[in-house]
Amino acid sequence: MGGITIKKLRKKKDKGEKITMVSTYDYLSARLCQEAGIDSILVGDSLGMVFQGLDSTISVTLEEMIYHAKAVRRGAPDLFLVVDMPFLSYQVSAEEALRNCGRVLKETGAQAVKLEGGEEIADTVYRLVRAGIPVVGHVGFTPQYINLFGAPKVVGKSYEEAQRVKKDFKALENAGVQMIVLESIPWTLAKELTDSSEVITIGIGAGKYCDGQVLVFHDLVGLYEDSKPKFVRRYAEGAKIFKDALIRYKKDVEGGNFPSEEESYGA
Ligand code: KIV
C-alpha cells in the first residue's frame, strides 16, 4: 500500500473522497487504526485530559508529545502522522518554534506538526514551512486558549466570530499550510471554507462538508466517559466492555476459577 502522504490526501480531496483521521496516543490503538484503514493519526495534546486525567491541555510538554508520537509511529508506520505542538512550544519566537517543531519531525517520524491559532501565528507558520516543516493549522475552538476564552463552545455563530475564523483560515493558507483542523464551528462556515480553498479541511464538530473528520480514539470507542460533546459518535461501548471484563476477572480470581489447569505451567 505504501505510506500515506499529503499528496495522497490531496488527491482524495480533489476526488471528493473523505479523509479519516483519529487522535490517539499509543502503539496499540495506532496499530488498530492502521489495520482499520484509517488515513491519518493525530497525536493530539488532548492526551492531557484523556491519557493523563488533567483538566486541560495547558501543562502537556514537548517531551511528552515526542514520547507518545514515537509509540504511535511504531504502531502505524504507514499512516499520515501529525503531532500537536503543546502550549508555549511555538508561541515564544519563530526560532524556538523551528527548533521544537524540527525536533518533533526528526525524533518521531511525523510528517507534520499541528499548531493552534490563526493570524497571530502566521509569520511563524511561514518560517516553518520555508524550513521544510509541514504545518497543519487549527482554528475555531482552540483548546490551548482555554484560559482566555473559557470552556469549549461553538465559534463562528455571530458575524464577527465568523469573520475572525475566516481571517485566521486565510492567514494560515497564505502562510503555506496544506491542512487545517476546524473545531466546533457551524457546518455552513466549514462548508464555505472547504469549498473555497485548496487547503484540506478536517472537521471535529464542524459538520459533514469538511474534506475529512477527526475524532479522539477513546471517544469513538466509548472509553472516555468524562464528557461527551454533541459531535462525538460512539462506535463501541468500550468502557462498559472493559469494566465487565474486569469484574469477571475479579470474580474468577476471588472464586478460585482463574487460572485453570490449562492456564498453568506443569512441573
Ligand atoms: O488534541 C486533539 O486531540 C485535537 C483534536 C481533537 C483535533 O486537537
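Is Ser184 buried or exposed in this structure? In this predicted model, Ser184 has a relative accessible area of 9%, and because anything under 20% counts as buried, Ser184 is placed among the buried residues. Ser184 sits in the loop between strand S6, residues 179-183, and helix H9, residues 187-195. Most residues other than glycine have a negative phi, and most peptide bonds are trans.

A second residue with a positive phi is Leu88, where the angle is near 70° and the residue is again not a glycine. Leu88 belongs to the loop between strand S3, residues 80-84, and helix H5, residues 94-108. With a relative accessible area of 47%, Leu88 is described as partly exposed, whereas Ser184 is buried. Another backbone feature to find is the peptide bond from Phe258 to Pro259, which is cis, with omega near -5°. Pro259 itself lies in the segment that comes after helix H11, residues 238-254.

Ile19 lies in strand S1 and is buried, with a relative accessible area of 2%. If neighbours within four places in sequence are left aside, the contacts of Ile19 include Leu9, Lys12 and Asp39, and also Ile200, Ile202, Asp211, Gly212 and Gln213. Ile19 and Met49, by comparison, are 30 residues apart in sequence and 25 Å apart in space, counted from C-alpha to C-alpha. Thr201, which is found in strand S7, is buried with a relative accessible area of 0%. The side chain of Thr201 makes a polar contact of 2.7 Å with the side chain of Thr194. Not counting residues up to four places away in sequence, Thr201 touches Phe169, Ile180, Leu182, Thr194, Cys210, Asp211 and Gly212.

Ser29 lies in helix H2, residues 27-35, and at 3% relative accessibility it counts as buried. Beyond its neighbours up to four places away in sequence, Ser29 touches Thr24 and Phe217. Val104 is found in helix H5 and is buried, with a relative accessible area of 0%. When residues up to four places away are again set aside, Val104 touches Leu62, Ile66, Val83, Met85, Gly109 and Val113. Between Val104 and Gln34 there are 70 residues of separation in sequence and 21 Å in space, C-alpha to C-alpha.

The ligand is surrounded by Ser23, Leu42, Gly44, Asp45, Ser46, Asp84, Lys114, His138, Val181, Ile204 and Val216. This shell divides into four nonpolar, four polar and three charged residues. Oxygen atoms of the ligand can be followed to several protein atoms: a polar side-chain atom of Ser23 lies 2.7 Å from a ligand oxygen, a backbone N or O atom of Asp45 lies 3.2 Å from a ligand oxygen, and an N or O atom in the side chain of Lys114 is 3.1 Å from a ligand oxygen. Taken alone the ligand exposes 260 Å², and the protein buries 94% of that area.

Key: Residues are numbered from 1 along each chain as its sequence is written. This is a predicted model: local features need pLDDT of at least 70, side-chain atom pairs count only at pLDDT 80 or more; totals for chains, interfaces and linings use all residues. Side-chain values use heavy atoms; hydrogens and water are left out. A residue is near a molecule or strand if one of its heavy atoms lies within 4 Å of it. A polar contact is a pair of N or O atoms within 3.5 Å; within protein, one must be able to donate a hydrogen and the other to accept it, and residues adjacent in sequence count only if both atoms are side-chain atoms. Accessible areas come from the Shrake-Rupley method with a 1.4 Å probe; for residues, only the protein chains shown count as cover. Ala, Val, Leu, Ile, Met, Phe, Trp, Tyr, Cys and Pro count as nonpolar, Asp, Glu, Lys and Arg as charged, and the others, Gly among them, as polar. Helices (H or I, at least four residues) and strands (E, at least two) are DSSP runs, numbered from the N terminus. Buried means under 20% relative accessible area, exposed over 50%, partly exposed in between (1.4 Å probe, protein chains only). Contact means heavy atoms within 4.5 Å.
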